[in-house]
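Trainee: Could you take me through the charged and aromatic side chains of this model, with the cut-offs behind each term?

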Amino acid sequence: MEKLIRLKTVPGVMVLLYTVGLPVGVWYILFRRRHKLFGSDSERTRLSWGFLYDSYGTRAWWWEVEEILRRLALVSLAALIDADSYRQILFALCACSFFHVLHALYKPWGVGSRSEEHTSE
């Protein structure tokens with residue numbers, strides 16, 4: 001019985017670390033460096049962490065966290081709902097709609113994104 005509890009505990013901790021720890025960790029890293037992300041003296045920060053924020057505008061430095069949460073909602077949370085049920089489809093549809101509206105209102109790839117600078121050259 002003790003071995004079974006251990007076998008269930010380790011995967012539970014890992015799932016919790018991945019689903020909570022990854023978005024929180026990425027947000028914390030970017031939040032601590034948010035003033036250094038887009039400045040003229042930001043080359044070292046860009047080389048280290050640019051893959052997390054370079055595609056987004058200056059006010060959307062945190063948007064990669066939204067992308068992680070969107071993927072987790074559509075893959076992990078939807079998988080927890082009864083397979084092949086209308087509730088699973090409804091959840092996925094609501095999640096897609098929510099993130100689509102969030103994207104349309106916030107426009108993370110707006111003026112000031114690094115990808116925009118590269119495509120305009």
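Mentor: Let us begin with Asp 54, which counts as partly exposed at 22% relative accessibility, where buried means under 20% relative accessible area, exposed over 50% and partly exposed in between, with a 1.4 Å probe and protein chains only. The model is a predicted one, in which local features need pLDDT of at least 70 and side-chain atom pairs count only at pLDDT 80 or more, while totals for chains, interfaces and linings use all residues. Residues are numbered from 1 along each chain as its sequence is written, and side-chain values use heavy atoms, with hydrogens and water left out.

Trainee: With which residue does Asp 54 form a salt bridge?

Mentor: A salt bridge is a side-chain nitrogen of Lys or Arg within 4 Å of a carboxyl oxygen of Asp or Glu. For Asp 54 the closest N and O atoms of the bridge are 3.7 Å apart, and the partner is Arg 46.

Trainee: How far from Glu 66 is the nearest side chain of opposite charge?

Mentor: Glu 66 has its place in helix 3 (residues 63-80) and is buried yet has no salt bridge. Lys and Arg count as positive and Asp and Glu as negative, with His and the chain ends not counted. The nearest side chain of opposite charge is that of Arg 70, at a distance of 4.6 Å.

Trainee: Is the pair of Phe 31 and Trp 61 stacked, edge-to-face or tilted?

Mentor: Phe 31 counts as partly exposed at 30% relative accessibility. Rings of Phe, Tyr and Trp (its six-membered ring) pair if their centres lie within 6.5 Å, and planes under 30 degrees apart count as stacked, over 60 as edge-to-face and the rest as tilted. The centres of Phe 31 and Trp 61 are 6.2 Å apart and their planes stand at 45 degrees, so the pair is tilted.

Trainee: How many residues apart in sequence are the parts that this pair ties together?

Mentor: Trp 61 is buried, with a relative accessible area of 13%. Because Phe 31 lies in helix 1 and Trp 61 in the loop between helix 2 and helix 3, the separation in sequence is 30 residues.

Notes: Helices (H or I, at least four residues) and strands (E, at least two) are DSSP runs, numbered from the N terminus.
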